[in-house]
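Good morning, colleagues. Please take a moment to look at the sequence and the structure on the screen before we go through them together.

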Amino acid sequence: MENKVMKCLQCGQRMKSGRENYLYRESGLPNVTLIGIEVNRCPGCGEYEAVIPKIEQLHRVIATAVARKVPRLSANEIRFLRKYLGWSGGDFATHMGVSPETVSRWEHGSATMGPSAERLLRFAALTREPSSDYSLDVLKQVAQRKPVAQRLKVRVERGAWSAEAA
């Protein structure tokens with residue numbers, strides 16, 4: 001495999017590559033350290049570039065660890081999990097059944113997320129794949145309708161269950 005020469009974008013000098021521990025500030029979480037990743041450093045101006053492989057998998061691992069921790073979620077962790085799930089602040093508010101202002105307060109630490117909302121966020125982070133395409137229309141309609149029991153027709157076909165409204 002051919003070694004690629006990395007040049008510093010700031011000063012043009014050849015960057016030196018090595019393995020080191022890297023404080024992953026870009027995650028938005030203050031205490032995430034990536035162990036032994038490749039980091040390219042410029043000996044001239046000090047500019048550096050971390051090489052982070054499989055970033056989607058990395059974020060899944062971080063989200064899982066955050067969602068499974070025992071202490072309450074911090075404001076930064078709430079923001080990280082929201083972004084991990086691919087939700088804007090407004091979408092997150094709709095999913096949680098709160099106002100966008102409430103989400104802002106949670107993420108800035110001026111309000112504490114309630115236990116039920118926190119469990120819901122943790123559950124979503126542990127069970128959902130991050131979304132880039134989804135509709136919130138169903139969630140918006142749920143809060144506006146009276147409760148009615150759903151009648152279902154449920155059948156097994158070719159060894160798999162399916163359900164439809166009766």
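**Overall architecture**

Read from the N terminus, the elements of the chain follow the order β-β-β-α-α-α-α-α-α-β-β. Please keep in mind throughout that this is a predicted model. In total, the chain has six helices and five strands.

The chain has 166 residues, of which 27% count as buried. Its accessible surface comes to about 11900 Å², and carbon and sulfur atoms account for 52% of that area. As for contacts with a separation of 6 or more, 51% are between residues 24 or more positions apart.

Strand 1, residues 16–23, and strand 2, residues 33–41, run antiparallel and are joined by seven bridges. Within this pairing, Leu 23 stands opposite Thr 33 of strand 2. Strand 2 is also joined to strand 3, residues 48–51, by four bridges, and these two strands likewise run antiparallel. Here Val 39 faces its counterpart Ala 50 in strand 3. Six residues lie between the strands in the hairpin of strand 2 and strand 3, and Gly 46 in this hairpin has a positive phi near 85°.

I turn now to helix 4. Which residues of helix 4 are buried? In this helix, which spans residues 100–108, they are Val 103, Trp 106 and Glu 107. These three lie on the same side of helix 4, because the arc they cover around the axis is only 90°. What, then, covers the buried residues of helix 4? The cover includes helix 2 (75–85), helix 3 (89–96) and helix 5 (115–127). After helix 4 comes Gly 109, with a positive phi near 80°.

Finally, let us consider the surface. A nonpolar patch is formed there by Leu 152, Val 154, Val 156 and Trp 161, which together have about 460 Å² of accessible area. Strand 4, residues 152–157, makes the greatest contribution to the patch, with three residues. Val 156 is located in strand 4. Is Val 156 buried, partly exposed or exposed? Its relative accessibility is 49%, and Val 156 therefore counts as partly exposed; the class of exposed residues begins over 50%.

To close, I would draw your attention to two places in this predicted model: the buried side of helix 4, with Val 103, Trp 106 and Glu 107, and the nonpolar surface patch to which strand 4 gives the most. Thank you for your attention.

How values were computed
Residues are numbered from 1 along each chain as its sequence is written. This is a predicted model: local features need pLDDT of at least 70, side-chain atom pairs count only at pLDDT 80 or more; totals for chains, interfaces and linings use all residues. Side-chain values use heavy atoms; hydrogens and water are left out. Buried means under 20% relative accessible area, exposed over 50%, partly exposed in between (1.4 Å probe, protein chains only). The arc is that of the directions from the helix axis to the C-beta atoms. Contact means heavy atoms within 4.5 Å. Patches are made of residues with over 30% relative accessible area and no salt bridge: like charges are joined within 9 Å, nonpolar side chains (Val, Leu, Ile, Met, Phe, Trp, Tyr) within 5 Å. Accessible areas come from the Shrake-Rupley method with a 1.4 Å probe; for residues, only the protein chains shown count as cover. A salt bridge is a side-chain nitrogen of Lys or Arg within 4 Å of a carboxyl oxygen of Asp or Glu. Two strands pair if DSSP finds at least two bridges between them.
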